[in-house]
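Subject: Structure handover

Hello,

Please find the structure below.

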Amino acid sequence: MSDHQVEDRYWESTNGGSGRTEPRAWAHSDAAALSLDGRWRFRLWPTAKGGGEAPLEPEFDDSTWDEIQVPSHWVLEDVTVPWADEPKLPAPRLDEHGPLYTNTAFPIPIDPPYVPDDAPTADYRLRFDLPRSWPLDQGALLRFGGVDSCGAVWLNGQPVGWSTGSRLPVEYPVGALLKPGGNVLVVRVHRWSAGTYLEDQDMWWLPGIFRGVDLLHRPADGIGDHRVVADYDHRDGSGTLLVETDVPAELEIPELGIRTRAGRTLRVDRVEPWSAETPRLYHGTLRTPGETVSLRIGFRTVRIEDGRLLVNGVPVLFRGVNRHEHDAERGRALDVETMREDVVLMKRAGVNAVRTSHYPPHPAFIELCDEYGLWVVAEADVETHGFVYAGWEGNPPAEPRWHGAILDRIRRTVERDKNAPSVVVWSLGNESDSGEAFMAARAWLRERDPSRPVLYERDPSYAPSDFYSVMYPALDALEAIGRRQEPTPEGIEPGSPADVRRRDLPFLLVEYAHAMGNGPGSLLDYREILESYERFCGGFVWEWIDHGFAAVDPQGRRIFAHGADVSYRPNGGRFCLDGILNSDRSPTPAYAELAAAFAVVRFGFDLAAGTVRIRNAQDTTDTSAFAFTWTVESDGTPVRSGTLAVPPTAPRADRDIELPAEGLVGERVPDGSAEEWLTVTAVLQEAAPWAPAGHVVGSGQVRVGSRPHTTAARADSTPAHNKPSQQGTWPSGGELSALVRHDGAINRITELLGIPVEGVMPDVWRAPTENDRGQGARNNAAGSWKAVGLDRFLHRTLGVSHDEDTLRVRVRSGPATQTIALWTGLTWTATAGGGVDLDASFDFTGHWDDTPHGHHTVRPPRLGLRLGLPGSYDSVEWFGRGPGQSYADACAASRVGRFSAGIDALQVPFEVPQENGNHLETRWLVLRGPGVPALRVEAAPGTTFDFTARPWTSEALERARHPVDLVRSGTLWLNLDVRQRGLGSSSCGPALPARYEVPLEPAALKVRFRLAEESRPSRR
């Protein structure tokens, strides 16, 4: 093979590669194949020259080299870095030699296409023998599924070729170089290359051979490539099938009675169409004398008509997520079972679409989408976001010398996945500004695959795109887009042909609801808008999974490492932790919230009419696969239940069903105090490939009757005695003094119902969430909170007055330097039943808007009281929203009921500690623990409170960098709040809508403390 296939300084070439075969469809064949995955010899070098010429020779002695698993990323393996201060450290190293994370910044100087001298490069070596049955007289291809970022190949001392395009397969013809035994394969892999400038995709930089390596026998009469076009005509249910091959072949699809030569257009009178809801696949084969290729054919047609996206003749709405490939141990070297786990979790959450951000995933993932049913927006391996730091000067899509490499990546994406029915949209790349490269790619796609529309979001003219698209719009901006009344993009003339064309395009929301830390909020708000306008074809939440790595911190503790744990700059910090799932694939609370927002069955209630309106949110399938049940709970205890007979409801249709009378009539409770809730649920009647029978696909809840909000009778709320006493003198024999102890020296409550307490003081602070911190200076609410001192309130007691059964405390709370303050009045009253009522009133004063210094406008993240209780309290039972956490803009997954949990279980272990575990609309709670009396807290009739309970303070929660930093304080800290701020998605998105802020208005919190029945002394 000629030397030009691995030319000098190939890693800085903009050609994309050499020595490769033409890209082709991913296929399963019965031709001989040999997996070369396993243990390889490995050596790391500090520069792009690698080990020079010597390791390329077959006779080279590599016995002293490391061993490494292929596929893998070398920065996640225990390999030697010879030039490092500490050459051997457990993986992942948290220094410049380990995984590096940036969001938008390149980790190398912007000097395209060149890389710095310090460019770590690895030599991989493998010795292998061919099976005895291997036909040496015929062709063979050496296939690499993924090599990051550039790989050059030598076989038996001869150069084979090189390639960039990390997430794309590449095949080299090597049949003439093989021998029966003693083959030596050498792959030189560069961490940095010209390809780096096209792969700035907001993710960890993870070099290595991270997808499988295979040797493929190619029979002389084998099938090189094939193309399947399977259209569906929704008008008559027929299918049209064309299977093209590069050689004569026989096509057989037994289920359709097809057996004919390939290349003919066939009409099939009746077929079942493929969709994400009913992923019908027909299995067949392509056969030549030397090879048989398996086919999985899905009939479906994708069109854009009248500004709407239609599949099989009907509009579809993507309920989607963006998915990076990530595993906490293996990075992007995923196995098929992990991919399957992702798909199953998506389907269970009502997700029907996935955008392969920002590169083609492993082809097995696409096959799983075909099999289980997910619409796919397949994105090419192109992002040049880092050129924003150069003002987009030299941006590759606008530079002719790069056009071949960009088109090469798009071609390889399309050719690999062109036969997948799940792929319904091609994406040319992500966040790469604009340039002629995208226009050229769009023109090529028009010829190569007119059956699918094309997306590109960043060109303001949208000339390369069949969709209008933006990222992270505010809710009002999204509504304007739905009405086709959005502002004209910068650089486009209003009323111009480009402006007019864009307004006629369907809209695809490629990224929204940034799920960083505790969030996102407003999923229901976005759903309501996306379902209200015909222009919308859905959107993709950012993103599926946190990108943390299982690591050990300097103290030897297990953590999930994020960018800020790595001692290298530039650094994207914690921005890699923005997923619906934790890094270990355990669900965050956002997963349940997503499932509720994406539920395919919705419920609305008309109690006056005695009906429930059932809405089928599916696009193509009726509700016949679902069973419907109802349950009535009285104060959280199930009392009645039954089933609902619901005839099949058409896609996107509603049906009113009469509710059973027993589901509407309240329990006859003597004192009328019971609170009853009716819950209607839709579940799978039979098991699906992705969930068992009984899996919930939607639920709704409504309160029946008109009962007060609490089980507590309040007839005894009048003080037993009301004898005034001198202010400042605590009565020794009063009833309240036996229930509440107030220490005048420190002006604090120190004992409540015989239980030691700390505080019972006003609280406006929460440990900032990632969304509270905004994105840099944009929407940085937490930065303003700290600038004005909401985290450091000082308290001044204005007065204390009391009689035998009432204690009144007035407090002013505010930070140093500022005038902003909170007035709090606390009135403690003894009740005849042995409890204590607390009536807390709050009001605001000072410059909360446009502070004179710094010009900050702030709203408190919470408003309520904090008290410390003995750390022995280890569980809580409550009646309110549960079972998981709930916030003002993120409560779709919760329902009103009676729940119990350990205190530890209430904590949400976000990989960066922050506010978590709030519970809205609580009627009452009971705290229990060994050696302490059960304490009950009740809301006043008609009111509720929020609560959090944790074994550390909000301040300790904020200081912690990882969950392992949280240490039990020995105190249980209970927050009882009037309200708490919503979550939003401001870490990369709009400001929190004002309706989810804590308003600056007078407020009250009224609760009763009493010992629960099991803790009261018996009376004789």
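The structure holds 11 cavities of 30 Å³ or more. A cavity here is a set of points, on a 1 Å grid over the protein atoms alone, where a 1.4 Å probe fits but cannot get out. Grid points are joined across faces, edges and corners, and a volume is the space filled by probe spheres set on the points.

Before the details, a word on the source. This is a predicted model, so local features need pLDDT of at least 70 and side-chain atom pairs count only at pLDDT 80 or more, while totals for chains, interfaces and linings use all residues. Residues are numbered from 1 along each chain as its sequence is written, and side-chain values use heavy atoms, with hydrogens and water left out.

The largest cavity has a volume of about 190 Å³. It is lined by 18 residues, and Val228, Val229, Ala230, Lys418 and Arg452 are the closest to its centre. Lining residues have an atom within 4 Å of a point. Strand 18 (226–233) and strand 24 are the elements that give two or more residues to this lining. Strand 18 gives the largest share, 5 residues. Helices (H or I, at least four residues) and strands (E, at least two) are DSSP runs, numbered from the N terminus. By class, the lining has 7 nonpolar, 3 polar and 8 charged residues. Ala, Val, Leu, Ile, Met, Phe, Trp, Tyr, Cys and Pro count as nonpolar, Asp, Glu, Lys and Arg as charged, and the others, Gly among them, as polar.

The second largest cavity has a volume of about 80 Å³. Its lining has 14 residues; Phe144, Val147, Gly151, Ser163 and Val170 lie nearest its centre. Strand 10 (150–155), strand 11 (158–164) and strand 12 each give two or more residues to it.

A pocket is an open set with protein on both sides within 12 Å along at least five of seven lines. Of its 48 lining residues, Trp26, Arg143, Pro169, Glu171 and Leu216 are the closest to its centre. Elements that give two or more residues include strand 12 (170–173), strand 24 (291–297), helix 1 (336–348) and helix 2 (363–372). The lining divides into 21 nonpolar, 10 polar and 17 charged residues.

Helix pairs

The axes of helix 1 and helix 2 come within 10 Å and cross at roughly 40 degrees. That makes helix 1 oblique to helix 2. Axes are lines fitted to C-alpha atoms, for helices over the stretch in contact, and angles run from 0 to 180 degrees between N-to-C directions. Angles under 35 degrees count as roughly parallel, over 145 as roughly antiparallel, 65 to 115 as roughly perpendicular and the rest as oblique. Residues of helix 1 in contact (heavy atoms within 4.5 Å) with helix 2 include Val336, Met339 and Val343, and their partners in helix 2 include Phe365 and Leu368. This contact has 9 nonpolar, no polar and 3 charged residues.

Helix 5 (residues 475–482) and helix 7 (residues 523–530) pack at an angle of about 10 degrees, with axes 10 Å apart. That makes helix 5 roughly parallel to helix 7. Leu475, Leu478 and Glu479 in helix 5 meet Asp525, Tyr526, Ile529 and Leu530 in helix 7.

Best wishes
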